[in-house]
Amino acid sequence: MFVMMAAGGLMATAQLAPIAKDFKVADVPVSLIGLTMPALTFALSIDRILNGLTRPFFGWVSDQIGREPNHVYRLRAQGVGIIALANLGTGPPDVRAV
């Protein structure tokens, strides 16, 4: 299970750069909390930070409610996110300098 999950995560992360370049947003500047960086670098950084934060959180949830219910709730939430992305993520946002 660990190898399959790790492989899936690595494949998703590896495809982030080609997707960003295809949508022509890889070099668009993004600002958050005073940090400005290219969108691709920003997305990869946020991905790693949130991955590091959610692992202990869902470990704690797993300790509270059990492993199987934790996976059910987590994977349902992930499925809703993927469906929302498929329906609402039709293209990159219209980015204009203010």
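Buried means under 20% relative accessible area, exposed means over 50%, and partly exposed lies in between (1.4 Å probe, protein chains only). With that scale, Phe58 counts as partly exposed, at 28% relative accessibility. This is a predicted model, where local features need pLDDT of at least 70, side-chain atom pairs count only at pLDDT 80 or more, and totals for chains, interfaces and linings use all residues. Residues are numbered from 1 along each chain as its sequence is written, and side-chain values use heavy atoms, leaving out hydrogens and water.

**Aromatic rings**

- The structure holds two aromatic pairs (rings of Phe, Tyr and Trp, the last by its six-membered ring, with centres within 6.5 Å; planes under 30 degrees apart are stacked, over 60 edge-to-face, the rest tilted).
- Phe57 and Phe58 form an edge-to-face pair, because their ring centres are 5.1 Å apart and their planes stand at 75 degrees.
- Phe57 and Trp60 form a tilted pair, because their centres are 6.3 Å apart and their planes stand at 35 degrees.
- Ring pairs join Phe57, Phe58 and Trp60 into a cluster.
- Phe57 has 44% relative accessibility, so Phe57 counts as partly exposed.

**Helix H3**

- Phe57 and Trp60 are three residues apart in helix H3 (residues 39-65), so about one helical turn separates them.
- Helices are DSSP runs (H or I, at least four residues), numbered from the N terminus.
- Leu53 also has its place in helix H3.

**Surface**

- Leu53 counts as exposed, because its relative accessibility is 55%.

Terms used
Helices (H or I, at least four residues) and strands (E, at least two) are DSSP runs, numbered from the N terminus.
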